[in-house]
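Hi everyone, thanks for coming.

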Amino acid sequence: MQFDVVAIGGGFSGLTPACRAAELGLSAAVLEARSEDRYPCSSRYSNGVDHVMSLSIMTEPDQLFRAIMDGSGSNARPALARAIADNGRRSIDWLAQQGAQFTSHAQGRERPGKQILAPAGRSIAGLEWEGRGPDLLMRRMEENLTQRRGMLMRGTKAEALVVEDGACTGVDAVRDGQPLRIGAKAVVIADGGFAANRDMIRQYITPGADRVLGRVGPGANGDGIRMAERAGAAIGGLGAFYGHVQHRNAMTNARLWPYPHLDAAAETGILVGPDGKRFTDEGLGGVCMANAIARLADPLSALLILDDAMWRMEPTITTTVPANPIMVEAGGELISAADIETLAARAGLPRDPLAQTIRGYVQAIESNDFASLAVPRTTTQHGPMPILTPPFHAIRLCAGVTGTMGGVVIDEHAQALRPDGSVFPGLYAVGTPVAGLEGGPRAGYVGGLSKAFILGLLAAEHMALVAQTGR
């Protein structure tokens with residue numbers, strides 16, 4: 001079998017470059033390891049919000065560029081960040097041509113200016129994907145691909161990249177138990193990172209890999225990153241992830257993931273470890289807090305402490321499914337007490353350290369002196385609130401890993417690079433398994449859908465240019 005373009009992975013990161021390549025007259029195939037008609041994957045599971053660094057993708061490009069560079073620090077490659085910022089609006093126009101419909105309303109409160117695939121999800125606990133915007137768009141894109149004589153090859157698992165004379169020229173795969181070599185002028189790594197691979201999570205993120213929650217489709221096993229590395233591509237930017245603060249009961253109760261998560265509540269309260277002391281800056285938001293929880297010696301030892309005013313406010317500030325009251329209704333334990341001492345006892349925390357932590361935190365708010373805290377707290381993004389109003393609450397937490405950060409090092413055309421910085425001819429990477437956009441000390445997150453759609457377009461258009469000009 002021979003194609004101009006072969007994408008490894010049947011989510012948006014694979015479908016986008018294949019569809020665009022087919023539009024441009026190239027023969028294209030998508031390899032999907034799962035065999036189901038509507039195979040489970042992270043693209044179907046997504047909430048459908050297409051953003052860049054939590055900003056509307058329609059934001060002025062210079063502002064998007066600055067947000068990427070500021071959020072991800074030295075992990076962000078300027079030329080790649082510029083490409084994302086400059087092509088956001090265009091990607092929305094292209095998606096509309098594919099049949100995508102958008103709304104500005106998602107689960108929870110309205111998100112002005114956000115582009116959200118419609119219909120959006122409902123405010124319910126658990127995983128709901130069938131018939132929602134991402135599921136409908138995936139089906140439409142498959143139809144578009146096949147109408148342009150492209151192929152979505154279900155039940156076809158990529159095993160290795162074929163490299164000849166220093167260029168990627170195809171994929172060795174297995175289909176129906178039989179080996180299959182698929183030739184290609186260009187191959188796209190697009191299989192969703194490694195959030196479902198416990199060994200890689202243990203290697204790159206936390207030794208406690210079995211004590212974090214996977215909020216991800218079953219296919220994100222890191223195969224593409226490993227194949228690219230074995231073939232000689234540069235790998236980088238690993239160590240952080242995109243995810244959320246989840247109730248610890250989500251580890252055993254499927255109704256508690258992916259929603260509701262506890263980011264909004266945690267951004268107003270405090271996170272403490274088993275010693276009753278704060279261990280992270282809550283003001284940096286849910287993604288940073290989830291990473292900090294995962295890095296604890298025991299990732300299941302963190303608790304969220306908040307007062308009743310914060311808990312009652314949570315439904316009005318969350319941007320997804322409100323934890324109050326849905327978390328408790330779905331089986332998540334809320335530990336409550338009339339005073340901090342009793343709360344500590346019920347939560348299994350040391351009484352005096354917890355009381356001291358809360359007193360010091362309230363004093364920092366009253367004096368507006370957050371730098372003096374043992375763990376300083378930023379206030380620019382998420383403002384703190386004093387823990388004063390009884391009853392007081394504690395929630396046992398875990399880190400929910402939705403998508404890993406880092407992977408194949410790419411340029412602004414989504415071309416894979418070698419360790420010496422040269423281009424790896426014929427090899428591209430799109431979506432989650434790419435380096436150069438995310439991570440850094442604040443675990444900056446560009447956005448899973450924007451990386452899939454924008455990089456997918458750029459990759460396909462560069463492939464078409466190479467096919468036309470030979471370079």
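Let's start just after helix α5, where Gly-99 takes a positive phi of about 110°. Do keep in mind as we go that this is a predicted model.

Now step back into α5 itself, which covers residues 88-98. Which of its residues are buried? They are Gly-88, Ser-91, Ile-92, Trp-94, Leu-95 and Gln-98. If you look down the axis of α5, those buried residues fall within an arc of 165°, so they line one face of the helix.

Next, please find helix α4, residues 78-86, and helix α15, residues 448-469. These two pack with their axes 10 Å apart, at an angle of about 100°. That angle makes α4 roughly perpendicular to α15. Who makes the contact? From α4 we have Leu-80, Ala-83 and Ile-84, and α15 brings Ser-450, Ile-454, Leu-455 and Leu-458. Sorted by class, the contact of α4 with α15 has six nonpolar residues, one polar residue and no charged ones.

Take Cys-19, which is in no disulfide: its nearest cysteine sulfur belongs to Cys-41 and is 14 Å away. Cys-19 counts as buried, because its relative accessibility is 0%. Cys-398 is in no disulfide either, and there the nearest cysteine sulfur, that of Cys-288, is 17 Å away. Cys-398 is buried too, with a relative accessible area of 0%.

Note on methods. Residues are numbered from 1 along each chain as its sequence is written. This is a predicted model: local features need pLDDT of at least 70, side-chain atom pairs count only at pLDDT 80 or more; totals for chains, interfaces and linings use all residues. Side-chain values use heavy atoms; hydrogens and water are left out. A disulfide is a pair of cysteine sulfur atoms within 2.5 Å. Buried means under 20% relative accessible area, exposed over 50%, partly exposed in between (1.4 Å probe, protein chains only). Axes are lines fitted to C-alpha atoms, for helices over the stretch in contact, and angles run from 0 to 180 degrees between N-to-C directions. Helices (H or I, at least four residues) and strands (E, at least two) are DSSP runs, numbered from the N terminus. Angles under 35 degrees count as roughly parallel, over 145 as roughly antiparallel, 65 to 115 as roughly perpendicular and the rest as oblique. Contact means heavy atoms within 4.5 Å. Ala, Val, Leu, Ile, Met, Phe, Trp, Tyr, Cys and Pro count as nonpolar, Asp, Glu, Lys and Arg as charged, and the others, Gly among them, as polar. The arc is that of the directions from the helix axis to the C-beta atoms.
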